[in-house]
Amino acid sequence: MPAARAHRLTTFRGFPPFRAPATARDVRALWERRLDGAPSDYPIWMHVHVPFCPQICTFCHCGKELLRRSSDLDAWLVRIRDEATYFADALRGTRIQHQYFGGGTPNLLSPAQLDSLLDLLEERFDHSTVERRTLEILPSAYRDGTVEVAVRHGIRRLSCGVQSTDVHALREVGRQPDLEMLAHILERAQTLGVNDVNIDLAWGLPGDTEEGLFRSLSAVLALEPTSVSIHLLIPTPKYSAFRTESEARDIYSRFRALPEYPHDHSDSAPLGRFAWYKLPTVVAVVAKDYVARGEYRSFQYSDMETVGMDMLGLGRYALSHVLGRARYENMTAVDRFDASEPGYRLAYVDGVVDGALDALADLLRDGTCDFASIERRYAPEGLEAIRSVLDALTAEGYLARADGTYAGPGITADVFGPAGDFVDLALSRAVMLNPGAAVADRPQGPGAASFELEFAGTSVAIRLEKARPSQTYFATVGAFGISHERLEGPSPPGLVPAMERLTALLGDLVSERPRTLPELASELRRRLPGSR
Ligand SMILES: C[S@@+](CC[C@H](N)C(=O)[O-])C[C@H]1O[C@@H](n2cnc3c(N)ncnc32)[C@H](O)[C@@H]1O
Ligand code: SF4
């Protein structure tokens, strides 16, 4: 078996690093073109982002703001109504197949507000064949009546953010303990016939140990959820657990060292009636009967990413994806909708970018790439480029081909190596589709640096976030979130030394003095011959 190549995955976000401002008018036109000639019951994924929180947790990477006045929720509801109405016409003839209410904290909406939001969406969009609808809940902010409203509208899946049952760790990151409220919510949910409850835990909280994680895990498994997702925390600039590179590496290597449990279906298996799926950035602990019914679909990193379906996001911070055309982030005002506001951040993609990312996600999930479905989705655009990468990996012995599927044990989830060829393909194609938009505008704070770059003519993009002078760096290779790691064993010629040199240089430059992004980019270009 060929040796794994040297990349590791921190998070998978299907966003190229190029984000040009666009208005609602622009993105609506993209939807119209995409749906022109689509069949009348075309399936859509809808994501509604409720951006408010009762607290700001120090580790959080989600788009959110502190709720200051309850009237902000009323303004937000009006804004969503206007945005939903604006897009509904363009999406006439489609039907919602999956729907996700995330945040932030959607359950800061009162039961009556949630009711009116659901009424509004059901009126504007076809929900007649909707399959999977999820409401995210922060248990400590739960108000009685919320699950009842959700169930009345047909929502049968909840996802509750708990992170840990260790009261001290929770306090340290700015959260309230909520195990009792969680038990109450699960009891209500089970009584009302909700058949799918996920609970989120986090790995990387202060003082996290394997023993502590298993204490939290057994406490929440005792409540009989359908699944528990243990998320490896992605470093964020404000979160002190990742002060240095060595701390970040320590958290990651201890996550990787968590045990593997075989998928033993006997009741005496270590986790009883739960199966343990160790994925690159999350461990999914899933009820075996749910898996046996064929309902467990590893959406891999989160519910919102890489599902091979067009996704319409509503509300500030929501992500959207017009398959094979564009991905965009909604950065419009929280409290009002204006179709001329250039608040969407758009990256053009095509069948090559999307097909390559789908192939990457497929291979990371279970080592199998269903080329036939990629073919159906993007033909004829992406096929030649993607097939040639698959064939090259097959010739190198990483994959074997059977019918329309490529599979191989050579693609491992933790060190994904060869599947990185798809990142190369997607990124280089995205560069071509988004000329002149190579540096994304990210918020800057005192002592903060944030940087994206296409490196040295290979399709390696670097994202560096440096929150404070004492911090070494966080380097993410590829805006898709692949981070450089020193590994034993062979790697592509020149990549690791080049990456080490580059990340060291970035660290030095940022600690020397604050620089604007364009300054940093030109300094790097000057010092690194061969970079563009
Ligand atoms: C969008 S949050 C919202 C849920 C809810 N507000 C809460 O706090 O439980 C959804 C999940 O993202 C995960 N999350 C938050 N910050 C993260 C980070 N930095 N890296 C990885 N996962 C994170 C947490 O496990 C959280 O439950
Ligand atoms: S973890 Fe949840 S409650 Fe905490 S800031 Fe993030 S979205 Fe808000």
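**Close-up views of a predicted model**

**View 1. Histidine 98 is buried in this predicted model****.** Histidine 98 counts as buried because 21 C-beta neighbours lie inside 10 Å, where 20 or more are needed. The residue is found in strand β6. Leaving aside neighbours within four places in sequence, histidine 98 is in contact with Trp45, Glu131 and Arg132. Proline 43 is 55 residues apart from histidine 98 along the chain, yet their C-alpha atoms are separated by 8.3 Å.

**View 2. Ligand 1 is surrounded by 17 residues****.** The closest of these are His61, Cys62, Gly161, Asp200 and Ile234. Sorted by class, the shell around ligand 1 holds 7 nonpolar, 8 polar and 2 charged residues.

**View 3. The shell around ligand 2 includes Cys53, Cys57, Cys60 and Cys62****.** Also around ligand 2 are Gln55, Ile56, Lys64, Gly103, Gly104, Thr105, Leu138 and Gly161. By class, this shell has 6 nonpolar, 5 polar and 1 charged residues.

**View 4. The largest nonpolar core has 111 residues****.** Ala356, Ala359 and Leu390 have the most contacts inside this core. Helix α10 (residues 351–366) supplies the largest share, 9 residues. Apart from its neighbours within four places in sequence, leucine 390 is in contact with Ala359, Cys369, Phe371, Leu399 and Tyr406.

**View 5. Three strands form an open sheet in the order β17-β19-β18****.** The pairing in this sheet is antiparallel. Strands β17 (368–370) and β18 (400–402) are the edge strands, and each pairs on one side only. From one strand to the next, the twist averages 20 degrees. The antiparallel pairing of β18 with strand β19 (residues 405–407) runs over 3 bridges; in β19, threonine 405 is the bridge partner of alanine 402.

**View 6. Helix α11 lies across β17 and β19****.** This helix spans residues 371–378 and runs at about 35 degrees to β17. Phe371, within the range of helix α11, is one of the contacts of leucine 390. Tyr406, within the range of strand β19, is another of the leucine 390 contacts.

Conventions
Residues are numbered from 1 along each chain as its sequence is written. Chains are lettered from A and ligands numbered from 1 in the order in which they are written. This is a predicted model: local features need pLDDT of at least 70, side-chain atom pairs count only at pLDDT 80 or more; totals for chains, interfaces and linings use all residues. A residue is near a molecule or strand if its C-beta atom, placed from the backbone, lies within 6 Å of it. Ala, Val, Leu, Ile, Met, Phe, Trp, Tyr, Cys and Pro count as nonpolar, Asp, Glu, Lys and Arg as charged, and the others, Gly among them, as polar. A nonpolar core is a set of buried Ala, Val, Leu, Ile, Met, Phe, Trp, Tyr and Cys residues joined through C-beta atoms within 7 Å. A residue is buried if 20 or more other C-beta atoms lie within 10 Å of its own, exposed if 12 or fewer, and partly exposed in between; C-beta atoms are placed from the backbone. Helices (H or I, at least four residues) and strands (E, at least two) are DSSP runs, numbered from the N terminus. Two residues are in contact if their C-beta atoms, placed from the backbone, lie within 7 Å. Two strands pair if DSSP finds at least two bridges between them. Axes are lines fitted to C-alpha atoms, for helices over the stretch in contact, and angles run from 0 to 180 degrees between N-to-C directions.
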